[in-house]
Amino acid sequence: MSNNWNDGYVTEVPYTYGYYRELSPSLQRFALLIQGYAPPTEGPYLELGFGQGLSACIHAAATDCTVWGTDFNPTQAANALSLASASGLDVQLFDDNFEQLLAHRSLPEFAFIAAHGIWSWVSNEARQQIVEILRCKLRVGGAAYFSYNTFPGWSAAYSLRHLLALQSDVMGNTGQGVVERLTNSVAFAQEIATKGAAYFKSNPLVTDRLNKLTAYDKHYLAHEYFNKNWQPMHFSEFANWLEPAKLEFAASAHLLEHVDTLNLLPEAQAKLKEIGNPVFRESVRDYFVNQQFRRDIFVRGNAKLSLLEQREALLEISVALLVHPDEISYTISGVLEVTIQEAIYRPLLELFATHKFRPHTLKELARHFPTLLWDQLMQAITILIGAGHMHPVQREDVIKRAKSKSQSLNKEICRRARSNAEIGFLASPVIGAGVKMSRFELMFMASRYAGNHKPQSWVEEAWATLQSQGQKLLKEGKALETPEENTAELQAHAQKFMARLPILMALHVA
Ligand SMILES: C[S@@+](CC[C@H](N)C(=O)[O-])C[C@H]1O[C@@H](n2cnc3c(N)ncnc32)[C@H](O)[C@@H]1O
């Protein structure tokens with residue numbers, strides 16, 4: 001172990017306040033259920049490497065799970081704890097590394113252990129510690145979620161990342177900030193490309209990728225490209241790593257991956273059906289889709305349901321619509337681009353709209369659309385959840401318990417939105433997950449919490465808050481200069497927010 005607490009991890013630039021729905025227990029349960037696994041019902045949840053802790057706080061507020069987590073960056077742990085304590089959340093968040101976490105005497109056995117964006121960015125030693133946590137602390141029947149960079153999708157760009165990091169190590173000087181070093185190394189690689197480097201000529205997609213890097217958030221890129229540890233891993237190697245913890249692959253948390261027609265041509269589907277060994281089949285599938293980022297759920301103990309048990313469990317599940325039917329595109333991109341049948345989807349979506357967006361159980365949906373085959377209904381729901389338009393709903397009793405915790409967190413997030421745009425999500429106790437919100441929507445919500453229900457006053461309050469901090473709105477990348485332009489733009493935001501309110505109310509976010 002290196003003497004530095006950060007083990008070569010980029011700590012110079014703060015990590016963004018991301019929320020990832022794949023981390024939500026309700027989504028993981030659904031993903032397991034559609035693959036025929038009995039999902040963990042309740043129990044503690046552990047998030048490894050929680051970043052700024054937004055997902056951890058949202059899950060602590062909006063679900064029934066006791067949330068534990070660690071991130072060895074003390075500033076990030078402090079930020080996460082500050083959000084949790086200002087919201088009155090009962091969380092167990094630490095700034096331990098993975099080895100120290102395991103030494104906690106009170107660490108319970110977890111129903112869920114999750115790590116988003118960790119595995120590829122840590123040393124082998126840290127990976128071993130993670131596996132030890134899984135071996136000792138994931139309960140039988142528990143689910144482990146990991147997202148990681150993988151091959152073959154990263155094969156060509158692997159050497160681009162190497163060049164960027166090498167240029168920065170050799171040519172960057174310590175006086176330069178990480179963002180400056182990143183900018184310089186991207187410019188260096190672009191120069192090499194324009195000077196005819198055969199690597200770039202043979203890999204035109206890598207050249208595209210390089211050119212697109214300039215448009216990305218530099219803070220995100222610094223974490224992606226400049227860590228000392230950065231290792232994509234083939235699925236079969238990853239599965240081998242988890243074997244000592246007795247884990248086996250169950251499902252992808254990225255639901256679009258469950259739908260073969262979105263990702264595989266018929267001949268590829270037929271070829272994969274011939275492969276009996278599940279790890280080999282999944283590996284070959286990665287070649288068919290040129291996988292570069294996996295979002296895997298592994299289980300400890302293969303509790304498979306019978307088809308009847310699976311169907312009965314699914315019929316009881318409710319789903320909520322997160323966006324207005326008019327905003328949903330009928331073209332869905334997996335690896336392939338597929339047009340879904342409006343004749344099936346439109347009535348399904350409109351049923352939610354005509355009932356004030358209240359969640360519906362799959363049983364209700366099956367009854368309401370008797371001509372739809374069960375497989376068609378399941379595919380439509382899986383695609384809508386996978387595309388982020390729907391989300392599985394929690395049990396009624398859980399929703400009730402999560403309501404006031406979620407509201408406290410949401411109030412705190414809205415209060416902070418008055419100062420900056422760092423956090424762009426609120427907690428929904430209905431789905432047990434985060435819901436994306438713009439900064440202006442959060443500011444309007446802050447006014448609503450203060451008892452103000454008139455859109456014109458939301459706009460006036462928001463503008464007064466922005467103006468007092470010398471902040472202006474942007475439109476098409478340009479700052480709006482006059483108060484009239486700013487308030488007109490805020491009014492447009494307020495109108496959109498009004499249109500979205502019925503959905504936010506059904507999700508108990510507003
Ligand atoms: C790429 S970030 C992902 C953060 C968060 N999960 C997300 O997706 O937004 C990786 C995080 O893991 C933390 N981390 C890396 N190595 C660690 C270790 N050995 N022990 C604890 N935390 C670690 C870093 O501080 C960082 O916040």
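**Exercise 1.** Does Glu476 count as buried, partly exposed or exposed, and how many C-beta neighbours lie inside 10 Å?

*Solution.* The structure is a predicted model, in which local features need pLDDT of at least 70 and side-chain atom pairs count only at pLDDT 80 or more, while totals for chains, interfaces and linings use all residues. Residues are numbered from 1 along each chain as its sequence is written.

Step 1. State the rule: a residue is buried if 20 or more other C-beta atoms, placed from the backbone, lie within 10 Å of its own, exposed if 12 or fewer, and partly exposed in between.

Step 2. Apply the rule: Glu476 has 5 C-beta neighbours inside 10 Å, and therefore counts as exposed.

Step 3. Locate the residue: Glu476 belongs to the loop between strand 15 (474-475) and strand 16 (478-479). Helices (H or I, at least four residues) and strands (E, at least two) are DSSP runs, numbered from the N terminus.

Step 4. Inspect the backbone: Glu476 is not a glycine, yet its phi is positive, about 45 degrees. Most residues other than glycine have a negative phi.

**Exercise 2.** Classify Phe357 by the same rule and describe its backbone.

*Solution.* Step 1. Phe357 has 19 other C-beta atoms within 10 Å, so it is partly exposed.

Step 2. The residue lies in the loop between helix 16 and strand 11 (360-361), and its phi is positive, near 65 degrees.

**Exercise 3.** Check the span of helix 18 (residues 374-386).

*Solution.* Step 1. The expected span is 1.5 Å times one less than the number of residues.

Step 2. For the 13 residues of helix 18 this gives 18 Å, and the end C-alpha atoms are 18 Å apart, which agrees.

Step 3. Buried residues of this helix include Gln379, Ala380 and Ile381. After helix 18 comes Gly388, with a positive phi near 85 degrees.

**Exercise 4.** Determine how strand 5 (residues 138-149) pairs with strand 4 (residues 110-115) and strand 7 (residues 293-300).

*Solution.* Step 1. Two strands pair if DSSP finds at least two bridges between them.

Step 2. Strand 4 and strand 5 are parallel, with five bridges, and Ala115 stands opposite Phe146.

Step 3. Strand 5 and strand 7 are antiparallel, with seven bridges; here Phe146 stands opposite Asp296.

Step 4. Consider burial: nine of the twelve residues of strand 5 are buried.

Step 5. Continue into the loop between strand 5 and helix 6 (155-171), where Pro152 lies. A cis peptide bond, with omega about 10 degrees, joins Phe151 and Pro152.
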